[in-house]
Each structure stands twice: as C-alpha cells, then as structure tokens.
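Here's a quick briefing to read with the structure open beside you. Take it topic by topic and find each piece as you go.

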Amino acid sequence: MTASLSVAAQAAAHYPAAPELPDILPPVRIRRGLVGFMWRHPTMALGMSILALMVCIAVFAPLFWTVDPTALALAKRTREPSAEFWFGTDAFGRDIYSRVLYGARISLLVGFAVAVLASLVGLAIGLVSGYMRALDGVIMRVMDGLMSIPPILLAITLMALTRASVQNVILAITIAEIPRVSRLVRGVVLSLREQPYVDAAIAAGTTTPMIILRHILPNTVAPLTVQATYICGSAMIIESILSFIGAGTPPIIPSWGNIMADGRTLWQVKPYIIFFPAIFLSVTVLAVNLMGDGLRDALDPRMAKRL
Amino acid sequence: MFSYILRRVLATVPVMAIVALFVFSLLYIAPGDPAAVIAGDQASPEDVEKIRRSLGLDRPFLVRFTEWTWQLLHGDLGTSMFTGLPVTELIGQRIEPTLSLMVVTLLFAVVAAVPMGVLAAWKVGSWLDRLLMALSVIGFSVPVFVVGYLLAYWFALVLDWLPVQGYTPLAKGFWPWLENLILPAIALGFVYIALIARITRATMLEVLSQDYIRTARAKGLGERSILFLHALKNAAVPIVTVIGIGVALLIGGAVVTESVFAIPGLGRLTIDAIVRRDYPLIQGIVLMFSFLYVLVNLAIDIVYMALDPRIRY
C-alpha cells in the first residue's frame, strides 16, 4: 500500500500533472435565430446585409436627401464633391449622389429580373433536355452554339438589333445566360434519373410529369438557387458594361453604367464621376457573390470543401 | 490518336454551323432596310426596289443563307454598310492590337494565377489562402473597366510609370509594344486570374489528398517537386479546360478594355459598328470571335492528350 503510493508520488514528481477539470464544463452555446445564422454563415450574412441596404437605397431613393437625378444645371457642371453636391456633379451639372442612388434601382432590377428569367427558362429547357432523350441532342447542340458566342458579345449584338430600353437589356442578358443554366439543370437531371428512388417511382406506376414534378424538380432547386445568385451578379456587371459602351439602358436613365459612361471623356481630370458609381456597383456585386458563396456552402457541403 | 483529333475537329463543325445560322438570322431579322440605307435619303421607292433586287435581298431565307455560307467558306464576310469596304479587310486592319492584348493577358494571367492557386491549396486554411480567395471573390465582382480606370489613374496619371492610353504596333519594337499593354492586360486579366486561381486551388486540393502524394512525401521528395511535378501535372486537365472556357471572358472584356485604354482594335470596331448599326460588320466580328473561341477550345481538347495519356477515345 505504502509502496504503491510512493510509486505514484514518484510518477507525479516526474510527469506534469494534468490541469484540474472544472466541476461543470462550460455549456456549449447553440445559437439560434438571426444571431445563430450570422454566426454560422458570416459571409452570407455580410452579403445579405449589404444587399438589403442597397435595396433600401433603391426603393427609398427619394428619402435620402436626393434631388431630381435628371435635372440639368449647366451653370454647376463638373463640381468637385462638396457639402452641396456630396459626390460632385457631372458634365451636365446633374447631382451624382442622386444619380448613383437612383441608379441602384436599374442595377438591382436588371440583376434580379435576369436571375429569375434565366433560371426559369433554363430550368424548363434543362428538364426537357434531361428527361426527353429524343430532344436532348438537338437542344444541346443549339446550346453549344449559343455558348460559343461569348456572352458579353452576344448581349451587345442583341442590343444592336433593338431599341435601347431596360426591358431589352434584361432580355439580351437573359438570352446570353440561358445556355449555362440549362446545361447545369440538364446535368443534375441526368444524374437524378439514375437514382434508385426514380426507378422505384417508375415501378410504382408514377407518370412522367409527376416524377419530374415530385422527384426531379425539388432536387434542382439548390444548385439552381446558387447559380441564379451568380447570374444576378454577372447580369449587373454586363448591364454596366453595355451601358458603358453605349449599347445598354437609354442614356437618359441614371444607371451606374450610364453615369460612368458620362464620366468617360473627363476621367483624367474628374475621376470622381466614375469613382462613386464604380464603388456602388462593385460593392453590390460583391455582396451578391458573397451570398452565392454562402448559399453554395450551406446547400452543398461537398462543394464547400472543394471550392 | 489521329482518330481522336479527327473526331474533335469534326465535332466543331455542327457548333460552327449553328453559330453561323444564328448570326445570319440576326442580320435577317435586323430592323431597318439595308437597301434603303444604301440608296440614301433621296432615292425613290423604285430605286430602293432595284437595289434590293440587285443585292438579292428579295429572295427567300434559305437561298440567302446558302449563298452567304458559300461566301463565308470562301473567306468572304460581306461588305460593311457604312464604309463600303470588305468586312474581312476591316477586321484585318484591327486584329493586331486585340490579339496582342489577349495573348499578353493570357500569358500574364496563367503565370500569375496558377502559382496563386497552388500556394492557396498547399497552405489551405492559412491567412494566405484566405487572402487569395478573398481577392478572387473581389476579382469576380469588380467590372473590368473599373479596374482599368483605377490602374490607369494610379500607375499612369499619379505615378507616371506607364503610358496612359494608346497602342504601339509590335513592328516598332518589343518594349514600346509591351509598355502600352501592361495596364490593359492587368485590368483584363483580373477576373480571369480569379477564375483560374479558384479552379487551380480546388483541383490541387483534390489531388493533394491522393495516396501517391503521401507516397511522394514518404520517400522524401521535396515539397516543390511534389507540388509542381506530381500534383500540378495531375491537376492540369481541369485547369486547362477553365483557361479555355475563360477565353470568352477575355473576348468580352477586350471590347471594354480597348475602350478604356483607347486601343484601336476589334473592340473599338465593334462599338463603332454598333453605333452606326453596321450589321454586316457586327455579324463578321461576332462570327470571327466565336470561331476563334471554338478553335481555342479545340486546341485545348487536343492538348489534353499530351497532359493525360488516359484520354484516348
């Protein structure tokens, strides 16, 4: 007894003792609700809050101490940013602060509209192509052809054929984005229709429309949502590019691309005309892309590790 | 091997045919009457009708498409409505600056992006990885002309290191040529670098978890040769694929970059053609760029064979 104790004492002398455990372990904090969401998905939370702010700015633009964004004041043209003109004025004396705030409307409208339209049309084409083998070859060759025209070039060409208007910009960018969406949906459908539960549904006598509706469609939602988010960001960039080179929204409408196009000739002496809309555009697209990354990580954990 | 190349080449034919059909239909449905444009404001309806018949514009769609394709196969892209010059000649005059810009951007982007992706995958989870990936998200979010103006403002106007705008032909010397292309290439390459770096990191992560990488480490191989000889070689196929797909970004971005940096290339020609509604010219440019894109990706399909001997079908 005494001998074993002394061995233990010797051991204690040689090896550092483990720190004493507290009687009660600190409770694992499970965060719920909004705080929990932000804790688990910080990038998505950041993206969503910036985007929410931009939507607020777009909707309530008249309340943010703006003036008429199209009001010309030639006597006050190209003023530097000051207390009166927060972001300065452009070559026609228009207040850039007001124009940038109203411009959020166009960019967000184009982004959301293209994301929704391209997703819906791409979903329909992808479902048909993935489930009806007879049509697959033809549809995919057409998509291959459309995809080999660089999207910005395709949108520019379509705009050259029509009148400049916000609807036409939305349509042109949507057409340019559709092939990629339908490819994605088709890929998902092709892998889903090999799943055992689809075989089981067929064996149970489920009709094809019902299989598509019940078993295929719900599984395309997650990848499609992620893709739609990225499309929203890319549509805003393409809109600004189209407007910037003069093939986008009509110059009279204050969109971020148009404001920058107005500042193009003066950029060496009055860089602020381009600077402010550029910051707003970049931050908004960044917010949308962060949301996309967050959604992707949340909806598809396998992808989170890879990319 | 030759059957693989032959099959790849043949596979591009239907794609190019669909592009041609699509681009031709665009001109066909284009608003405005080319005959009326050529005849001018003073012409009587009879004159316009005569010109239309002499141009063959009154014939049916399929006849015109066949004829147009036949001309296309002979290298004839039609005549510009505005200048009256052949479209091929106009494109030929402007192609050098655009090709120079794209080649310099491509080389610069690959040289910058691949090591970035490899480093990020090697040090996955570190601050370096996070920084590089944050930069790539920003790269996807900032439009090319914004990057262009930022670079031009700082490095040309404020610091005065490089010329602000313009282009010098390669014939006038290598450095003057390159000097004018550095800033445009960085601006144009920004989003391209983000794309390549991301895919490099993703594929490298996958390859680095393979057994043969552990074996290579176990037998005492240096990290550098593991990363760049063993891992990168096996990650090459997806990376090269994305480099090819990303050429579409370069083509679209070149139009804008040329406008920012006042480079007299195809991008400027495109914008001029759009402003003047010169449809044959637009048609020719879109066709040329699309065929270029298809051919680049065909070349990449063939490069696969060198990269991965397993590809033989």
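## A helix and one residue to start with

Val185(A) lies in helix H7 of chain A, where helices (H or I, at least four residues) and strands (E, at least two) are DSSP runs, numbered from the N terminus. This is a predicted model, where local features need pLDDT of at least 70, side-chain atom pairs count only at pLDDT 80 or more, and totals for chains, interfaces and linings use all residues. Residues are numbered from 1 along each chain as its sequence is written, while chains are lettered from A and ligands numbered from 1 in the order in which they are written.

**More on Val185(A)**

- Val185(A) counts as buried because it has 26 C-beta neighbours inside 10 Å. The cut-offs go like this: a residue is buried if 20 or more other C-beta atoms lie within 10 Å of its own, exposed if 12 or fewer, and partly exposed in between, with C-beta atoms placed from the backbone.
- Skip the neighbours within four places in sequence, and Val185(A) is in contact with Gly122(A), Leu123(A), Gly126(A), Leu127(A), Gly130(A), Thr220(A) and Leu224(A). Being in contact is a matter of two C-beta atoms, placed from the backbone, lying within 7 Å.
- Ile106(A) is 79 residues from Val185(A) along the chain, and their C-alpha atoms are separated by 28 Å.

**The two chains**

- Chain A comes to 12 helices and 0 strands, and chain B to 13 helices and 0 strands.
- Of the 307 residues of chain A, 43% count as buried; for the 313 residues in chain B, buried ones make up 37%.
- Take the contacts in chain A with a separation of 6 or more: residues 24 or more positions apart account for 69% of them. In chain B, 73% of contacts between residues at least 6 apart in sequence join residues at least 24 apart.
- Picture a box of roughly 85 × 55 × 35 Å along the principal axes, and you have what the C-alpha atoms of chain B fill.

**Where the chains touch**

- Chain A puts 37 residues into the contact and chain B puts in 40 residues.
- On the chain A side, H5 (133-147), H6 (151-161), H9 (208-244) and H11 (272-299) each supply at least two residues.
- H11(A) gives the largest share of that side, 9 residues.
- The chain A side divides into 24 nonpolar, 9 polar and 4 charged residues. Here Ala, Val, Leu, Ile, Met, Phe, Trp, Tyr, Cys and Pro count as nonpolar, Asp, Glu, Lys and Arg as charged, and the others, Gly among them, as polar.

**Two of those helices up close**

- H11(A) has 28 residues and reaches 40 Å from its first C-alpha to its last, close to the 40 Å expected at 1.5 Å a residue. The expected span is 1.5 Å times one less than the number of residues in the helix.
- H11(A) is mostly covered, with 22 of its 28 residues buried.
- The 15 residues of H5(A) should span 21 Å, and the end C-alpha atoms are 21 Å apart, which agrees.
- Which residues of H5(A) are buried? They are Met143(A), Gly145(A), Leu146(A) and Met147(A).
- Their cover includes helix H7 (166-192) of chain A together with helix H1 (2-29) of chain B.

**The nonpolar core**

- The largest nonpolar core has 162 residues, and Val114(A), Ala155(A), Ile173(A) and Ile196(B) touch the most other members. Such a core is a set of buried Ala, Val, Leu, Ile, Met, Phe, Trp, Tyr and Cys residues joined through C-beta atoms within 7 Å.
- Ala155(A) is in contact with Ala172(A), Ile173(A), Ala176(A), Ile238(A) and Leu242(A), leaving aside its neighbours within four places in sequence.

**A helix pair in chain B**

- The axes of H10 (residues 223-245) and H13 (residues 279-307) of chain B come within 10 Å and cross at roughly 170°.
- That makes H10(B) roughly antiparallel to H13(B), a label for angles over 145 degrees.
- Residues meeting there include Ala236(B) and Val240(B) in H10(B), and Ile300(B) and Tyr304(B) in H13(B).
- This contact divides into 8 nonpolar, 3 polar and no charged residues.

Methods. Axes fitted to C-alpha atoms, helices over the stretch in contact; angles between N-to-C directions. Parallel < 35°, antiparallel > 145°, perpendicular 65-115°, else oblique.
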